[in-house]
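Please examine the sequence and the model below.

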Amino acid sequence: MCLSFITKCKKYICCIPILHDITHIQTISPKAWGYIFVQFDTILFMGSTSLATTEYISEIAHIEKAIVQTLSRPKCIVIKRTQKGIIDDKYELERHPKWEQ
């Protein structure tokens with residue numbers, strides 16, 4: 001299902017998958033799960049308690065496993081396709097000017 005969607009995507013289409021644990025997609029698509037991730041230009045990692053997920057993120061972001069596994073709550077990792085991951089602050093929605101609207 002995901003694989004056919006990805007192969008049909010054209011320019012300027014944004015797909016934002018939300019995945020809490022990489023083992024979910026490995027269970028659904030054991031042979032093709034890695035192919036799905038290489039299709040994304042940017043991955044935003046918000047944190048996980050899953051060892052498999054943090055190990056995978058550590059590998060693709062080129063950041064030590066210990067750092068990824070102990071990522072503090074206000075931090076995230078932004079991973080661009082060909083670059084090392086960047087640890088950054090999460091944006092607090094409550095601080096957005098239009099939050100009350």
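This is a predicted model: local features need pLDDT of at least 70, side-chain atom pairs count only at pLDDT 80 or more; totals for chains, interfaces and linings use all residues.

Residues are numbered from 1 along each chain as its sequence is written, and side-chain values use heavy atoms, without hydrogens and water.

Rings of Phe, Tyr and Trp (its six-membered ring) pair if their centres lie within 6.5 Å; planes under 30 degrees apart are stacked, over 60 edge-to-face and the rest tilted. One aromatic pair results: the ring centres of Trp-33 and Tyr-56 are 5.2 Å apart with planes at 65°, so the arrangement is edge-to-face. Because Trp-33 belongs to helix 3 and Tyr-56 to helix 4, the pair ties together parts 23 residues apart in sequence. Helices (H or I, at least four residues) and strands (E, at least two) are DSSP runs, numbered from the N terminus.

Helix 4 also buries other residues, including Thr-53, Ile-57 and Ala-61. Its buried residues pack against helix 2, helix 3, strand 1, helix 5 (65-69) and strand 2. Ile-57 is in contact (heavy atoms within 4.5 Å) with Phe-45, His-62, Val-68, Ile-77 and Ile-79, leaving aside neighbours within four places in sequence. His-62, which follows helix 4, has a positive phi near 60°.

Finally, Trp-99 lies in the segment after strand 3 (86-89) and is partly exposed, at 42% relative accessible area.

Definitions and conventions:
Buried means under 20% relative accessible area, exposed over 50%, partly exposed in between (1.4 Å probe, protein chains only).
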